[in-house]
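Me: I have a structure open and would like to go through it step by step. Could we begin with one of the strands?

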Amino acid sequence: MAKKKFVWEVYLRPNTLTKDNDRDCIADVHAHTGTQRNEDIADIITKERSEFRKETILSILSLRDKAVKDLIQAGSSFMDGLVQISPRVSGVWATENAAYDEKIHKRTVDLIPTVDLRTALDAISVKVMGAKDSSARITAITDTATGLNDGTLTIGDDIIIEGDKLKVNEKDAAQGVFFKAADGTEHKTTRRLSVNKPGQIIARVPQALPEGKTTVIVRTKYSGSGAPLKELRELVFKLPCTAKS
């Protein structure tokens, strides 16, 4: 029987941690299924060995999890066929006599792959699928004056912008909510945003915005992680909008 070949498909996204390079990327492995758990392991085993009942396997796996947890809590290292788990306390002590400080120290574990797992990893090929699709987007806009979400924008009133990774840094003049009129001119919301969250922004439609077709744009460097994006991200609402007095 031919040996099964494994391929990890990866998508690339900007690396926000390197400050001196605005082009480098890091990879995210594409998961074709959700996170697998003991129930999934039990299903796999019962398919291969029908003489074992799923409930029995789940019970054994649960007992194993507890036994391993107890060993780690006791300060012992544990190794199975895939990884070695070792307890570790991270952080820096000012002196040899300094006490443990919850604010700067942390109880954690190190996971080290065994030789068998490292050998299996070496046999996996990697296929780069290109740039990762950004989840940042505007999904809906509601006009608070009318309650409509059909693209109506009441000049001088607020709109509710919903989506993902919308939050802006209002101290950065390049970021914010912009309204592009039919003639190409842009009008930025200058009033402080009533709500400024990753999933929702409430912004005032500028009085200077002329009536007519309008494109709503959010420009932000919000990444969803601790570090902001290096370059401005522009989120354009896909549906046509119309500004009215």
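Predicted model: local features only at pLDDT ≥ 70, side-chain atom pairs only at ≥ 80, totals over all residues.

Me: Which way do strand 14 and strand 15 run, and how many bridges join them?

Reply: Strand 14, residues 212-220, and strand 15 run antiparallel, and four bridges join them.

Me: And which residue stands opposite Val-236?

Reply: Ile-217 stands opposite Val-236 of strand 15. Val-236 belongs to the uncovered face of that strand.

Me: Let us change topic. What is the order of the open sheet of three strands?

Reply: The order is 3-4-5, and the pairing is antiparallel. Strand 3 (78-79) and strand 5 (106-113) stand at the edges with a single partner strand each, so one side of each has no neighbour in the sheet.

Me: How many bridges are there between strand 3 and strand 4?

Reply: Strand 3 pairs with strand 4, residues 83-90, over two bridges in the antiparallel sense. Within this part of the sheet, Phe-78 stands opposite Ile-85 of strand 4.

Me: Now a loop, please. What is the phi of Lys-165?

Reply: Lys-165 has a positive phi of about 55°, although it is not a glycine. Lys-165 lies in the loop between strand 9 (158-164) and strand 10 (176-181).

Me: Why does Lys-165 count as partly exposed?

Reply: Its relative accessibility is 24%. Buried means under 20% and exposed means over 50%, so a value in between counts as partly exposed.

Me: Let us step back to the whole chain. How many helices and strands does it have?

Reply: The protein chain has three helices and 16 strands.

Me: What is its radius of gyration, and what would a compact globule have?

Reply: The protein chain has a radius of gyration of 26 Å, whereas a compact globule of 245 residues would have one near 18 Å. The C-alpha trace spans about 70 × 60 × 35 Å along its principal axes.

Me: What percentage of the residues is buried?

Reply: Buried residues make up 25% of the 245 residues in the protein chain. The chain exposes about 16900 Å², and carbon and sulfur atoms supply 53% of that area.

Me: Finally, how many positive and negative side chains are there?

Reply: There are 38 positive and 34 negative side chains, and the centres of the two sets lie 1 Å apart.

Technical notes:
Residues numbered from 1 in each chain as written. Heavy atoms only, no water. Rg over C-alpha atoms; globule rule 2.2 N^0.38 Å. Buried < 20%, exposed > 50% of the residue type's maximum accessible area, 1.4 Å probe, protein only. Areas by Shrake-Rupley, 256 points an atom, 1.4 Å probe, with all protein chains shown as cover. Lys, Arg positive; Asp, Glu negative; His and termini not counted. Charge placed at Lys NZ, Arg CZ, Asp CG, Glu CD. Pairing = 2+ DSSP bridges.
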